[in-house]
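Hi there,

Here is the structure I promised to pass on to you. Have a look first, and my notes follow below.

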There are 2 protein chains.
Amino acid sequence: MKKVINNAEQVVEEMLQGVVAAHPQYVKRVAGFDVLVRANSPVQGKVALVSGGGSGHEPSHGGYVGRGMLDGAVAGAVFTSPTPDQVYEAVKAVDGGKGVLLVIKNYTGDIMNFEMAAEMADADGIKVAKVVVNDDVAVENSTWTTGRRGIAGTVFVHKIAGAKAETGADLAEVQKTAEKVIANVRSMGMALSPCTVPAAGKPSFTLAENEVEIGMGIHGEPGTHREVIRTADETAEHLLNKIFADIALGAGDEVAVMVNGLGGTPLMELYVVNRKVAAMLAEKNIKIAKTYVGNYMTSLEMSGFSVTVLKLDSELKELLFAPADTPALVQF
Amino acid sequence: MKKVINNAEQVVEEMLQGVVAAHPQYVKRVAGFDVLVRANSPVQGKVALVSGGGSGHEPSHGGYVGRGMLDGAVAGAVFTSPTPDQVYEAVKAVDGGKGVLLVIKNYTGDIMNFEMAAEMADADGIKVAKVVVNDDVAVENSTWTTGRRGIAGTVFVHKIAGAKAETGADLAEVQKTAEKVIANVRSMGMALSPCTVPAAGKPSFTLAENEVEIGMGIHGEPGTHREVIRTADETAEHLLNKIFADIALGAGDEVAVMVNGLGGTPLMELYVVNRKVAAMLAEKNIKIAKTYVGNYMTSLEMSGFSVTVLKLDSELKELLFAPADTPALVQF
């Protein structure tokens with residue numbers, strides 16, 4: 001295992017220290033916990049959003065803590081659900097009196113632990129609601145999931161529900177908007193190579209020199225099949241057609257698009273993929289309101305990508321374009 | 001070679017199409033050339049900035065075309081200097097009557113070709129000035145370089161000289177500010193693994209399973225030495241000490257910091273590095289005005305990172321914090 005770390009046991013702790021050192025204007029640490037919250041938390045009179053999950057998906061989720069997106073993010077061990085006490089501390093730290101929405105990716109462990117935290121917070125009199133993101137159309141049920149997995153589409157939930165919360169909407173309204181995003185967002189990915197969880201010390205699976213896995217999950221969960229690598233266009237077409245088969249999209253519809261790198265894929269290749277994605281949407285006369293190309297929901301150094309399509313209505317579009325300011329992908 | 005591409009010969013062309021498809025609000029293509037310019041080019045009454053070089057360093061440089069940074073970026077073949085006619089077309093497309101500053105990374109081919117383009121533009125009556133970025137303290141002279149190489153510090157030149165140009169400064173003033181950035185910026189990197197140029201089809205060098213190269217260039221040029229991989233802290237300390245040895249920095253000084261991923265390094269690891277970099281600067285009572293952690297100047301899928309430190313004065317700091325809006329690392 002060749003990694004830029006000090007030791008495998010300290011990697012999440014040291015990452016969090018590095019994030020706070022880099023972005024003190026955005027985030028602070030909840031002392032004693034693997035929780036990042038906005039530097040000005042709690043924000044009074046605003047519904048707060050908390051997300052998180054296993055580490056290794058950076059900039060998800062700590063990178064999205066800031067104005068217009070999340071209020072708090074909980075970092076589990078790499079690819080491991082955060083414990084309920086950690087989530088509970090995040091909820092307590094961000095509640096500004098209007099309640100807290102938990103944005104959970106659909107993994108069995110995450111759901112169990114976030115729900116336990118919600119019960120603990122409820123006992124304290126904090127109003128908590130939850131949404132579960134399951135945007136991955138690749139497979140039903142998976143290694144750690146009942147139903148569909150939550151992957152890169154989660155970032156659209158952070159953005160749009162986060163913007164809704166900034167309008168002063170109440171908890172039920174923010175939850176309803178988040179659920180609308182989830183109903184309208186679909187993703188699918190593929191991997192060229194595995195990644196190595198630091199504590200494991202070796203790759204979690206192997207692929208042959210010319211082989212890729214289609215529909216692979218962000219923790220290396222199996223996808224729909226393995227195949228000999230095809231062209232970028234053929235692969236993008238396959239993924240996008242799976243998405244088209246799952247959500248009604250037609251001429252005149254408007255979407256946001258994300259071509260997401262899994263951590264080890266050159267940006268050059270993501271743009272080659274986006275060329276095909278944009279062309280396929282244009283063929284169907286689907287309008288692209290905004291495109292995101294980059295590393296938004298990663299799997300450590302895994303090579304591969306996912307494509308996400310979010311169908312917009314006027315509310316979702318307005319909230320997508322609302323201002324946000326977070327440490328992820330700090331702009332010049 | 002396992003890559004998400006269609007064919008090696010078309011990868012730059014298809015990438016550029018993908019960039020324009022993703023970010024039409026920011027950039028447009030100069031028809032028939034591998035040149036991206038601002039969507040509203042030429043901007044009248046403002047000095048224009050043009051940079052570029054070989055492709056494979058994305059988001060450098062096309063990702064920095066936009067308000068407050070570059071006016072145009074020229075994309076050569078992967079790791080290959082763009083030809084003079086391409087640079088000349090960029091200069092012509094962006095000149096708004098106040099002249100054009102060329103920001104060149106210090107590689108012999110780039111300097112020759114940008115200078116030839118400057119002569120062609122000069123013959124047309126376009127005022128052209130140039131600066132050469134040579135921030136890499138690792139080695140003097142290298143495979144394609146006389147003197148020091150230009151690496152991630154170049155992005156600070158784009159930002160700060162770009163902001164200066166937005167103030168309405170004239171060409172000599174913008175050039176002077178760019179030269180001040182170059183005088184104040186130092187970088188050094190290391191690599192854990194090579195990358196594969198698509199047209200070559202195989203990695204440009206090999207490293208043993210436990211071996212890294214310290215001071216490696218962004219095209220895989222040799223660094224100062226190879227060694228068995230050490231901890232993140234030891235490696236960061238070595239790189240930063242090389243920078244400290246090269247530029248006077250002391251208590252009370254203020255800097256901007258960049259921990260730059262080379263393309264295949266998890267963001268988690270870059271933050272682990274930043275933790276040590278921030279601690280070392282704090283020990284010296286050097287104040288950090290802003291920190292950038294992410295992929296700003298990459299080498300395809302190379303694994304590794306560089307550290308850049310920019311010593312600020314009041315002018316540089318104000319310009320660093322001036323607004324900019326570019327496609328690189330599109331924010332939510």
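Let me start in the sheet of chain B, where B:V257 stands opposite B:T291 in β11(B). Please keep in mind throughout that this is a predicted model.

That residue pair belongs to a parallel pairing: strand β10 (residues 254–261) of chain B and β11(B) are joined over seven bridges. The sheet around them is open and has six strands, in the order β9-β8-β7-β12-β10-β11 (chain B), with mixed pairing. Its edges are β9 (225–228) and β11 (287–294) of chain B, each of which pairs on one side only. From one strand to the next, the twist averages 15 degrees. There is also a helix to look at here: α4 (residues 154–166) of chain B lies across β7 (185–193), β10, β11 and β12 (303–311) of chain B. Relative to β10(B), helix α4 of chain B runs at about 130 degrees.

Now for chain A. Its six strands form an open sheet too, ordered β9-β8-β7-β12-β10-β11 (chain A), and the pairing is mixed. Since β9 (225–228) and β11 (287–294) of chain A stand at the edges with a single partner strand each, one side of each is left without a neighbour in the sheet. Ignoring direction, neighbouring strands in this sheet are turned by 15 degrees against each other on average.

On the α2(A) side the contact involves A:P84, A:D85, A:V87, A:Y88 and A:V91, which meet A:N113, A:F114, A:M116, A:A117, A:M120 and A:A121 in α3(A). Sorted by class, this contact of α2(A) with α3(A) has nine nonpolar residues, one polar and one charged.

The pair α4 and α5: the axes of helix α4 (residues 154–166) of chain A and helix α5 (residues 171–184) of chain A cross at roughly 155 degrees and come within 9 Å. That angle makes α4(A) roughly antiparallel to α5(A). Here, too, the crossing is right-handed. From α4(A), the contact residues are A:F156, A:V157, A:I160, A:A161, A:K164 and A:A165, while α5(A) brings A:E173, A:V174, A:T177, A:A178, A:V181 and A:I182. The class count for α4(A) with α5(A) is nine nonpolar, one polar and two charged residues.

Finally, how are the two chains related? Chain B superposes on chain A by a rotation of 180 degrees with 0.0 Å of shift along the axis, at an RMSD of 0.0 Å. The two copies are thus related as by a two-fold rotation axis. In chain B, the C-alpha nearest that axis belongs to B:G264, at 2.0 Å from it. Both copies use the same surface, as 100% of the contact residues of chain B recur in chain A.

Conventions: Residues are numbered from 1 along each chain as its sequence is written. Chains are lettered from A and ligands numbered from 1 in the order in which they are written. This is a predicted model: local features need pLDDT of at least 70, side-chain atom pairs count only at pLDDT 80 or more; totals for chains, interfaces and linings use all residues. Side-chain values use heavy atoms; hydrogens and water are left out. Contact means heavy atoms within 4.5 Å. Helices (H or I, at least four residues) and strands (E, at least two) are DSSP runs, numbered from the N terminus. Ala, Val, Leu, Ile, Met, Phe, Trp, Tyr, Cys and Pro count as nonpolar, Asp, Glu, Lys and Arg as charged, and the others, Gly among them, as polar. Two strands pair if DSSP finds at least two bridges between them. Axes are lines fitted to C-alpha atoms, for helices over the stretch in contact, and angles run from 0 to 180 degrees between N-to-C directions. Angles under 35 degrees count as roughly parallel, over 145 as roughly antiparallel, 65 to 115 as roughly perpendicular and the rest as oblique. A crossing is left-handed if the near helix is turned anticlockwise from the far one by less than a right angle, and right-handed if clockwise. Copies are superposed by least squares on the C-alpha atoms of residues with pLDDT of at least 70 in both.
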